[in-house]
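Take a look at the structure below.

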Amino acid sequence: MSLREELVNLLDDGKVDPELYLTDDTPLISSGQIDSLALFNLALWIEKETNAMLDLTTLDPLKEWDTIADILDFVERKRG
Amino acid sequence: MPKDYEIIRYSDDFKQEVIEFQKHQWSPHAELNASFLDWKYQQNPYLKEPLIYLARQDGKIVGMRGMVGANWEVGTPARTYLGVCAEDLLIDPAHRNRGLMKEIMRTSFVDLATKGHEYIYSLTALPVTLIGSLAMGFRSGGSFHPQFLYSRRYDWFMKNYRTIGEMKFFWRFAGKIAKWAERRETLPDLCRSHERSRWRRNPNILAEMTPRPEEMDDLIRRIRHDGRIRHVRDREYFSWRFLNPMARYLFLYWTENRLEGYLVLQENITELRNKVQVSIVDWEGTSQRVLSDLLHAAIELYPFPLLIIWIATLGEEKVELLRKVGFRSGTEREFHYPPTLLVRAVRDDMMDTEWSLAGRRLLDMADWDFRMVYSMYV
């Protein structure tokens with residue numbers, strides 16, 4: 001399973017509207033589609049994929065994780 | 001706004017419903033929850049009326065967030081500000097992942113801005129709320145750096161509990177072994193035995209179950225304030241803060257003619273909070289000797305399974321005393337994310353400015369003087 005597929009599966013489990021089809025540009029946080037528990041699970045997933053703890057003092061999920069494209073980009077940068 | 005929800009301000013009409021709703025988080029006991037609500041929100045000396053925001057659907061509470069007031073002081077000479085801390089976030093499990101937290105917080109930001117507040121603080125966020133808060137525009141000022149002191153028994157148990165649970169014969173006794181490792185005397189029992197003991201090492205130290213607000217206030221005034229942001233710990237604060245019905249406190253006082261130092265231990269009394277842990281929530285003294293005596297008296301009271309203190313802003317001398325008696329940093333076994341300072345500007349137009357009080361930066365831990373007692377959830 002690709003990284004994107006894994007991410008979409010994770011987000012599908014936690015999204016507000018089960019009917020919503022997630023594209024790479026669907027706003028997730030700014031639209032309220034994912035809530036605190038789903039965000040926490042996303043944080044754990046990102047830590048697993050990057051093999052590093054998040055630095056909470058610089059983290060801005062709204063700017064850095066608002067879409068699937070943003071999240072994948074964040075993971076790639078952290079793996080850098 | 002998610003469908004069919006309304007966000008409203010708390011009034012006494014909702015008291016009984018909040019008490020029941022908070023059985024998910026505060027305690028399963030309605031009477032205790034009623035006392036806690038009354039103490040924390042009605043008797044809070046800093047806010048005239050409770051600042052609680054409720055999400056309702058079909059006439060039923062499904063979400064809540066409370067704001068607790070406290071006076072903060074900063075600078076030399078000190079200026080005082082009224083600050084509010086976000087507390088008691090709870091969303092009914094059946095209504096999670098529907099954007100309710102966001103809606104409750106948005107409503108609270110607008111309301112707080114109209115009341116003249118500039119910033120909102122969070123000192124209690126657990127991991128799930130922490131990431132959610134960052135997504136709501138809160139920023140982290142860093143960890144409070146909790147330090148832990150374990151009894152040998154509890155340390156052994158924590159290192160081995162997984163193994164015990166997987167062992168062929170011993171797994172049956174895992175629960176009993178856990179109880180053995182976590183067993184401790186309560187603070188009231190320890191207070192009585194300390195005062196009965198004829199072999200107390202230090203005759204200057206007294207143990208009591210109640211605060212001495214006037215003397216503690218006087219002591220804080222005598223100890224120099226370096227201007228960092230801190231709670232105003234005065235008679236009013238001490239008189240209110242330790243009436244928290246969800247916890248018990250033991251006060252160690254170092255006296256010689258007058259109060260020269262104190263150390264406050266806290267234990268939780270409800271099933272929904274960590275009852276093993278005992279916390280040093282406040283610790284002050286006029287000299288290193290007094291501070292050291294108080295710390296030794298605290299750890300000699302009993303081999304607490306787990307004793308905790310936050311050290312992020314304590315200063316090197318106190319930290320050194322803690323290290324000498326065996327306190328050390330936590331690991332992931334204690335928490336995934338450590339307790340963290342969160343701050344947010346209430347108004348969106350302030351999001352890109354530097355957040356500060358009297359020139360002290362709110363996101364720089366070096367500008368703060370934190371004690372666990374500031375947090376309502378330790």
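Two residues are in contact if their C-beta atoms, placed from the backbone, lie within 7 Å. Helices (H or I, at least four residues) and strands (E, at least two) are DSSP runs, numbered from the N terminus. This is a predicted model: local features need pLDDT of at least 70, side-chain atom pairs count only at pLDDT 80 or more, and totals for chains, interfaces and linings use all residues. Residues are numbered from 1 along each chain as its sequence is written, while chains are lettered from A and ligands numbered from 1 in the order in which they are written.

Start between the chains. A:Ser36, A:Leu37, A:Leu39, A:Phe40 and A:Ala43 of α2(A) meet B:Pro127, B:Val128, B:Thr129, B:Ile131, B:Gly132 and B:Ala135 of α4(B). This contact of α2(A) with α4(B) has 8 nonpolar residues, 3 polar and no charged. Here Ala, Val, Leu, Ile, Met, Phe, Trp, Tyr, Cys and Pro count as nonpolar, Asp, Glu, Lys and Arg as charged, and the others, Gly among them, as polar. The helices, residues 36-50 of chain A and 127-135 of chain B, pack at about 95° with axes 8 Å apart. Axes are lines fitted to C-alpha atoms, for helices over the stretch in contact, and angles run from 0 to 180 degrees between N-to-C directions. α2(A) and α4(B) are therefore roughly perpendicular (65 to 115 degrees; under 35 is roughly parallel, over 145 roughly antiparallel, the rest oblique).

Now chain B. Its secondary structure comes to 11 helices and 17 strands. The C-alpha trace spans about 65 × 65 × 35 Å along its principal axes.

Next, a sheet. An open sheet of 7 strands in chain B runs in the order β8-β10-β11-β12-β13-β7-β14, with mixed pairing. Two strands pair if DSSP finds at least two bridges between them. The edge strands of chain B are β8 (205-208) and β14 (328-329), each pairing on one side only. Antiparallel strands β11 (258-268) and β12 (277-285) of chain B are joined by 7 bridges. B:Gln266 stands opposite B:Ser279 in β12(B). Helix α7 (residues 187-196) of chain B lies across β8, β10 and β11, at about 25° to β10(B).

Finish inside β10 (residues 247-256) of chain B, the strand that holds B:Leu252. B:Leu252 counts as buried because it has 24 C-beta neighbours inside 10 Å. The cut-off for buried is 20 or more other C-beta atoms within 10 Å; 12 or fewer is exposed, and in between is partly exposed. Among the residues B:Leu252 touches are B:Ile205, B:Tyr262 and B:Leu294.

Conventions
Lists of a residue's contacts leave out its neighbours within four places in sequence.
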